[in-house]
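Dear colleague,

Please keep in mind while reading that the model is a predicted one.

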Amino acid sequence: MAAVADKARFYLERAVPQLREFEEKEIFAKDEIRTLVTKRSDYEHLVLGPRARAEDFLSYAAWEQSLDALRAARCRRLRVRTSSAHAAQARTFAIFERAVTRHPGHLGLWLAYLDFAAKVKATKRWRKIVTRALRMHPSQPGLWVLAGRRAAGDGDMDGARGYFMRGCRFCTAGVEVWAEYARCEMEWLARMEAKKGRGKNMAGAPAPVRIASNVDADGNMMFDESSDEEGDDDDVLMPDPDAEFRQEKPKEVFNKETVQKLENSPALDGAIPKAVFDIARKQAFFGAPAAEAFFNVFASFPKVACQPKLVQHVLDTMMAEYPTHPATCSCFVRQPLIGVDHNTPEFPKALREALARLRSMLEKTQDKSGLAAKTLAWIDPLLAFEDLDAGIRTVLEHTKRKLEEF
């Protein structure tokens, strides 16, 4: 225990400068500082003991974060502007570092470590932490998804694809990484199409109107929209509200041939998410539930141009390989409703088609109760809308009562 006490004293002495700052700036009273020292000493002896658990480190880190939050609140109230959070953050990072060194196999510690690094916006440190975590837990799909989505959110799609592809190679027992990879690619396609739409809007903006400086016999100013001459001293250019967003002579970075190749790129036509699905079909985990996961991912992007083609590709595969499975029947029933809002005129027609498919699939499926449960899963959210049409509500409630009999 002497070694534990010496180590605890070492870590406690490193916090003395901040405690002196608390006393000098009157952020905490002396009695409160004594309480802080006692509490921190208890935590240090606990985590340095031979039976220290991962939960003890998490509790210690949570206490340090709550202490820093209290310090920040008091600084705002007392208008203390010179107190910094760097010391508290460094201490919390040190606690997490000691924790993952002591318990490297505890996944919860790594996730809490990553959450704290993301919270304080320590981007470089977050990347180093996630790299170490993936080396310790290469078969955890959640870590690969977290790393890939973080890279995609930072705009690094090459890095995100690298994380997802390595995750697909290590995590061969489930569809989670594969489905999230497809979701990430669909989000990228949505962003690309949004940028393309903004570019078209800028290119199609109206040209500025020129007005002539002369007037007619009645004293009205003469507008001249047909003149294309530049440098005429008699013409005055009206202020263009879109001038700061549009250049009159944009610099040509790509020639027309390069732009044409980019527009016709297979990647912009959904080739990557389709390839992810096709490769997933060859894995041992693939089945009707895995295909349904891809269907749900693609169906959640109705504004992407290639979405109907991807949904149909998944559905064709399911109908060919698992025609009577309740997951296949459920996807076939839901297909007409994809991207149709319940308040639009198209919804009644789409619902009529979906219910007709439901009747035929109930006779075809091998598990009627499973199909009924999956159908109720999307009927209940529709019934929760208060502005749902009364006739549609009556039909859905009748259908729900019929399905609850299975």
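A salt bridge here means that a side-chain nitrogen of Lys or Arg lies within 4 Å of a carboxyl oxygen of Asp or Glu. R183 and E180 form such a salt bridge, with their closest N and O atoms 3.5 Å apart, and because the two residues are three residues apart in helix α10, they are separated by about one helical turn. Salt bridges with shared partners join R149, E180, R183 and E187 into one network.

E180 is buried, at 18% relative accessible area, whereas R149 is partly exposed at 30% and R183 is partly exposed at 24%.

Elsewhere, R132 of helix α7 and E97 of helix α5, 35 residues apart, meet through their side chains in a salt bridge of 2.9 Å, N to O. The search of the whole structure finds 21 salt bridges.

As for the helix contact, the axes of α2 (residues 16–24) and α3 (residues 30–48) come within 10 Å and cross at roughly 160°, and the two helices are therefore roughly antiparallel to each other. The contact is made by L19, F22 and E23 of α2 together with K30, I33, V37 and R40 of α3, which by class gives four nonpolar, no polar and three charged residues.

Terms used. Residues are numbered from 1 along each chain as its sequence is written. This is a predicted model: local features need pLDDT of at least 70, side-chain atom pairs count only at pLDDT 80 or more; totals for chains, interfaces and linings use all residues. Side-chain values use heavy atoms; hydrogens and water are left out. Axes are lines fitted to C-alpha atoms, for helices over the stretch in contact, and angles run from 0 to 180 degrees between N-to-C directions. Helices (H or I, at least four residues) and strands (E, at least two) are DSSP runs, numbered from the N terminus. Angles under 35 degrees count as roughly parallel, over 145 as roughly antiparallel, 65 to 115 as roughly perpendicular and the rest as oblique. Contact means heavy atoms within 4.5 Å. Ala, Val, Leu, Ile, Met, Phe, Trp, Tyr, Cys and Pro count as nonpolar, Asp, Glu, Lys and Arg as charged, and the others, Gly among them, as polar. Buried means under 20% relative accessible area, exposed over 50%, partly exposed in between (1.4 Å probe, protein chains only).
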